[in-house]
Amino acid sequence: MAERARLAVDQRACVASGLCATLAPALFRLTGDGVGEPRSALVTGAAEIESAEDVAGCCPSGAVLVTPVLDGAEG
Ligand code: SF4
């Protein structure tokens, strides 16, 4: 399993529920408009990735995107 993943929020899809920042404040924050955004574009370690994936599964608009980064597939 990849130990790194890209983390992104589709800000056009986000409905500003604030859930991501509530569930995982270490990974997400809210903009002034209440739209979610990742604190970092890259999450590392199985626990952080699992947390990000949990949030992605809870986001009401499916706006949280977690993409595993495979070794040798940088870029
Ligand atoms: S949980 Fe989803 S809809 Fe809610 S603020 Fe975060 S990205 Fe936006």
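I began with burial: 25% of the 75 residues of the chain count as buried. I note that this is a predicted model.

**Overall fold.** I looked up the secondary structure next. The chain has two helices and five strands. Their order along the sequence is β-α-β-β-β-α-β. I then checked the radius of gyration. It is 12 Å, close to the 11 Å from the globule rule for 75 residues, so the chain is as compact as a globular protein of that length. I also took the extent of the C-alpha trace, which is about 35 × 20 × 20 Å along the principal axes. For contacts with a separation of 6 or more, I found that 64% join residues 24 or more positions apart.

**Strand E1 and its partners.** Which strands pair with E1? I found E4 (residues 42-44), antiparallel over three bridges. I also found E5, antiparallel over six bridges. I picked out one bridge from each pairing. Arg4 has Thr44 in E4 as its bridge partner. Arg6 stands opposite Thr67 in E5.

I then followed the side chains along E1. They alternate. Ala5, Leu7 and Val9 point to one face and are buried.

**The nonpolar core.** Which residues touch the most other members of the largest nonpolar core? I listed Leu27, Ala52, Val55 and Val64, out of 17 residues in this core. Strand E1 (4-9), H2 and E5 each give two or more residues to it. In soluble globular proteins, nonpolar side chains tend to be buried together.

Leaving out residues up to four places away in sequence, Val55 touches Cys20, Leu23, Ala24, Leu27, Phe28 and Val64.

**Ile49.** I located Ile49 in helix H2.

**Two loop residues.** I turned to Ala16, in the loop between E1 and helix H1 (19-23). Ala16 is not a glycine, yet it has a positive phi of about 60 degrees. Most residues other than glycine have a negative phi. Ala16 counts as partly exposed, because it has 14 C-beta neighbours inside 10 Å.

Gly62 sits in the loop between helix H2 (46-58) and strand E5 (64-69). Gly62 is exposed, because 11 other C-beta atoms lie within 10 Å. Gly62 and Val15 are 47 residues apart along the chain, with 9.6 Å between their C-alpha atoms.

**The ligand.** How many residues surround the ligand? I counted 14, the closest being Cys14, Ser17, Cys20, Gly36 and Cys59. I sorted the shell by class. It has ten nonpolar, four polar and no charged residues.

Technical notes
Residues are numbered from 1 along each chain as its sequence is written. This is a predicted model: local features need pLDDT of at least 70, side-chain atom pairs count only at pLDDT 80 or more; totals for chains, interfaces and linings use all residues. A residue is near a molecule or strand if its C-beta atom, placed from the backbone, lies within 6 Å of it. Ala, Val, Leu, Ile, Met, Phe, Trp, Tyr, Cys and Pro count as nonpolar, Asp, Glu, Lys and Arg as charged, and the others, Gly among them, as polar. Helices (H or I, at least four residues) and strands (E, at least two) are DSSP runs, numbered from the N terminus. The radius of gyration is taken over C-alpha atoms; the globule rule is 2.2 Å times the number of residues to the power 0.38. A residue is buried if 20 or more other C-beta atoms lie within 10 Å of its own, exposed if 12 or fewer, and partly exposed in between; C-beta atoms are placed from the backbone. Two residues are in contact if their C-beta atoms, placed from the backbone, lie within 7 Å. A nonpolar core is a set of buried Ala, Val, Leu, Ile, Met, Phe, Trp, Tyr and Cys residues joined through C-beta atoms within 7 Å. Two strands pair if DSSP finds at least two bridges between them.
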